[in-house]
Amino acid sequence: MRDRDHVAEIDRVLKGQATGRDSVVSRSWRRCVERHGLDPARPSPAHIVTAAELRSHREQSERLIAIARSGLGALFRQVAGQNYVLLLADAKGVTVDFFGDPRFEGELRQAGLYLGSDWSEHLAGTCGVGACIVTGEPVTIHQTDHFDLHHTPLSCTAAPIFDTAGQLTAVLDLSLLRSPQPKASQNLAMTLVRTAARRIEMANLMAVSRRDWVLRLSSSPDFLEVDPEAAIALDAAGRVIGMTHGAQAALGADLLGRRLDEVAEARMDDLPDLMRGRPAEDRVIRLRDGRALFGHAIAPPTARLPRGQPLLPGGLSSLAGSDPAMGALLAQAARLAASAVPLLIAGETGTGKERLARAIHMCRAEAAPFRVIDCAGQDAAALARLDLGDEPCGTLLLRGIEDLDAPAQAVLLRRLDGCKLRIIATARRDMAGAVAAGAFRTDLFFRIAGAALPVPPLRLRQDFDWLADRLLRAAHPGELRLSAGARADLKARDWPGNLRELAATLQAAALLADGPVIDAADLPPPLLAPAPRPDPQAELQAVLEACNGNMALAARRLGVNRSTVLRRMRRGGAAP
Ligand SMILES: Nc1ncnc2c1ncn2[C@@H]1O[C@H](COP(=O)(O)OP(=O)(O)OP(=O)(O)O)[C@@H](O)[C@H]1O
């Protein structure tokens, strides 16, 4: 196209005639003339800021440049040898970082594809960086899309980079001095700059949110871990305090300051369930508008629960509400989690022993393997054949250790000799009793029980309401809730199957209830007849042991006062 034709086309567009230009280009041409007072017949060369001005622009973008550098280097290597120039411009349009082929430096400088060039629309006319800053959208300004005749040989593809508050903070631009004629030749460049901008935003969010929960989101479980589409940072109260630009598309506009449960059917204490310990395809987040995404929650080094409970690392914080014994147990678990001390987690069936083991593993080494051996299915020969693995920081969970017979115990002891994995064993029986009765080897007991973590049965927990609400939400995301009658009925039950039984009961009740409220009549009856109440002295003894002899704690767990505990202890001869 000759210069005269270019000026004539701009003139026609200003008169409102359609010339086949993209609307983003024709709107920019209009702005150039009507708002910025530019004249297409008077081209002006590239605008380069002074060295002092460039220093000041670079200082203001220092942090972003540092974060963007590795991403930009990777992007530039992808297009190496194709004569592309990669520019990072700040929000004012000044190029603050640059990757290009040094062989063409003179030509690039002259064209303005260089450090310090100012590509703001009011100076340079329609161009990739300028149009991107005005629209906030990725654009390709190809050859004669440019307003200024100086720039019409160039092809520029630019994508915006937003800060964690949603403000446009920089523009990433991939430009060519000479390009093929069809604009579609730049489609791949567009995909590359968009992807790089998204990754820079993600890296920036991670860098500024080191002390907060981050929730990454993806519409595909396959890309959730490697290249999520969006992410938000959340404060301890569950409010969005930072985001990538993609988060607005995923979760809705005006996201900053909103609570997680306003945009999704999830709360802060659901986040540990979205951590890496579970397969990505199970980590579904339902949004309030009915869509579903996959979530990857990343815990801060120590997460503080809104209820003012003690500091607990990520996964542990979701295991209990305000039950004092569980609180003490989890605090102990948090201290032990960082070490390689072997742990024996004891408790009735379904109390959450394996879940606790996984949470402990996640505190230490989220990415390391977590191997599970079900002891019930193992005899000596099978154990001898097992490949235990020796991945650094990996965990070996020996599930139901009480199920091993004597020959299998002997083989296991041999196999654990020199094993580098952290050992966690779970048991449904009192293993110290099994050792005393000669049913479990003393040497193996000490090999696996560096510290013991007794998990209380559901009937002794004081956070029943918290657990029931949480399990109901997991079983049936939505507004379903328990009536006071249903709650009282559930609380009065014995729960021999503990949390597993409660979860199944709530799942069935959610299906049986008609409206948004589960009434007592909707509850399926207990699956097992109530177990005979344990001998009160034996129960007192067990509770005292679980509470490390703390009478006040034991009294709270039993629902009686301290003097009753003392009286019962005296009656049983356990106190003078
Ligand atoms: N804090 C919790 N919140 C929600 N669900 C839980 C929690 N703890 C346990 N569960 C659920 O309860 C069930 C039983 O948990 P888990 O398998 O960890 O128990 P366990 O004590 O190891 O059982 P068993 O000894 O019978 O193997 C699982 O479905 C688990 O997801």
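Modeller: Start with the helices around the ligand. Helices here are DSSP runs of H or I with at least four residues, strands are runs of E with at least two, and both are numbered from the N terminus. α12 (353–364), α17 (464–475) and α19 (498–512) each give at least two residues to the shell around the ligand. This is a predicted model: local features need pLDDT of at least 70, side-chain atom pairs count only at pLDDT 80 or more, and totals for chains, interfaces and linings use all residues. Residues are numbered from 1 along each chain as its sequence is written.

Biologist: Which residues come nearest to the ligand?

Modeller: A residue is near a molecule if its C-beta atom, placed from the backbone, lies within 6 Å of it. Around the ligand there are 16 residues, of which Thr 349, Gly 352, Lys 353, Glu 354 and Arg 355 come nearest.

Biologist: Which domains does the shell draw on?

Modeller: Domain bounds come from an automatic or database domain assignment. Domain 3 (316–454) and domain 4 (458–522) each supply at least three shell residues.

Biologist: What classes of residue make up the shell?

Modeller: Ala, Val, Leu, Ile, Met, Phe, Trp, Tyr, Cys and Pro count as nonpolar, Asp, Glu, Lys and Arg as charged, and the others, Gly among them, as polar. The shell has six charged, six polar and four nonpolar residues.

Biologist: How do I read burial, and is Asp 97 buried or exposed?

Modeller: Count the other C-beta atoms, placed from the backbone, within 10 Å of a residue's own: 20 or more is buried, 12 or fewer exposed, in between partly exposed. Asp 97 has 20 such neighbours, so Asp 97 counts as buried. Asp 97 lies in strand β2 (residues 95–99).

Biologist: Which residues does Asp 97 touch, leaving out those up to four places away in sequence?

Modeller: Contact needs C-beta atoms within 7 Å, again placed from the backbone. With that sequence limit, Asp 97 touches Ile 65, Leu 72 and Leu 88.

Biologist: What about nonpolar cores?

Modeller: In soluble globular proteins, nonpolar side chains tend to be buried together. A nonpolar core is a set of buried Ala, Val, Leu, Ile, Met, Phe, Trp, Tyr and Cys residues joined through C-beta atoms within 7 Å. The largest one has 81 residues, and Leu 215 and Ala 231 are among those with the most contacts inside it. A second, separate core of 49 residues includes Leu 86 and Phe 162.

Biologist: And the whole chain?

Modeller: The protein chain has 22 helices and 17 strands. Of its 576 residues, 41% are buried.

Key: Contact = placed C-beta atoms within 7 Å.
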